[in-house]
Amino acid sequence: MKIRVNEIPSGGISLSESFDAAPWKLNRQDINFDKPITITAFVTREKENLLVDAQINLVILFTCSRCLKEFEKSLNKSAMLFFQLKGENILDISDDIKEEIIVDYPIKILCSDNCKGLCPSCGRDLNEGQCSCKS
Ligand SMILES: [Zn+2]
Ligand SMILES: [Zn+2]
């Protein structure tokens with residue numbers, strides 16, 4: 001998301017943008033973005049200080065670390081971002097938004113807290129029932 005610094009009126013400006021978040025994919029298989037991300041922001045400027053009150057909405061496609069099933073989880077968060085301008089006309093805040101999303105990644109990705117995972121010998125999804133392997 002890019003902010004045109006010179007176009008911010010004294011009372012602030014409301015910006016909204018939807019874009020494909022797929023290029024934000026990190027170097028991991030278990031977190032994907034297959035839906036667009038929407039950012040709504042209210043931007044105010046006080047001399048060289050820029051305050052962005054952002055609302056981030058996106059759907060993340062996770063892969064469960066135990067059963068390897070894919071599941072979607074929506075992330076809706078608000079973030080207050082502060083920038084010190086250094087003479088730029090256009091400020092790209094995409095990286096900062098990305099940071100806000102990354103800090104909310106779960107440490108352990110599970111489709112549910114009591115996911116039973118896969119049987120280590122036959123690979124059956126134990127959430128769907130017991131397999132006939134001896135445990
Ligand atoms: Zn699972
Ligand atoms: Zn089994």
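Guide: This is a predicted model. Let's start at the zinc ion (ligand 1): its four donor atoms subtend angles of 106 to 112°, so the arrangement is tetrahedral.

Visitor: OK, which residues coordinate the zinc ion (ligand 1)?
Guide: C64, C67, C111 and C115, each through its SG atom, at 2.3 Å.

Visitor: And how are the donor residues spaced in sequence?
Guide: The pattern reads C-x2-C-x43-C-x3-C. Take C67 and C115 as a pair: they link distant parts of the chain, 48 residues apart. C67 is in the loop between β5 (49–63) and β6 (70–84), while C115 is in the segment after α1 (94–102).

Visitor: Are C67 and C115 buried or exposed?
Guide: C67 is buried, and C115 is buried too.

Visitor: Switching to charges. How many salt bridges does the structure hold?
Guide: Five. One of them pairs K35 with E72, with the closest N and O atoms 2.8 Å apart. That pair links distant parts of the chain: K35 sits in the loop between β3 (31–32) and β4 (36–46), and E72 in strand β6, 37 residues apart.

Visitor: What does R45 form a salt bridge with?
Guide: With E48; the closest N and O atoms there are 3.4 Å apart. R45 has a relative accessible area of 30%, so it is partly exposed. E48, at 35%, is partly exposed.

Visitor: What about D125, which residue is its salt-bridge partner?
Guide: K69, with the closest N and O atoms 3.6 Å apart. D125 lies in the segment after α1 and K69 in the loop between β5 and β6, so the pair ties together parts that are 56 residues apart in sequence.

Visitor: Is D125 buried or exposed?
Guide: Buried, because its relative accessible area is 11%. K69 is at 37% relative accessibility, so K69 counts as partly exposed.

Visitor: Last one: which residues do salt bridges with shared partners join into one network?
Guide: K77, E100 and D104.

Key: Residues are numbered from 1 along each chain as its sequence is written. Chains are lettered from A and ligands numbered from 1 in the order in which they are written. This is a predicted model: local features need pLDDT of at least 70, side-chain atom pairs count only at pLDDT 80 or more; totals for chains, interfaces and linings use all residues. Side-chain values use heavy atoms; hydrogens and water are left out. Donors are N, O and S atoms within 2.8 Å of the metal (3.2 Å for Na, K and Ca); water is not among the atoms, so sites may look incomplete. Four donors count as tetrahedral if all angles lie between 85 and 135 degrees; four count as square planar and six as octahedral if opposite donors are over 155 degrees apart and all others between 65 and 115; anything else is irregular. Helices (H or I, at least four residues) and strands (E, at least two) are DSSP runs, numbered from the N terminus. Buried means under 20% relative accessible area, exposed over 50%, partly exposed in between (1.4 Å probe, protein chains only). A salt bridge is a side-chain nitrogen of Lys or Arg within 4 Å of a carboxyl oxygen of Asp or Glu.
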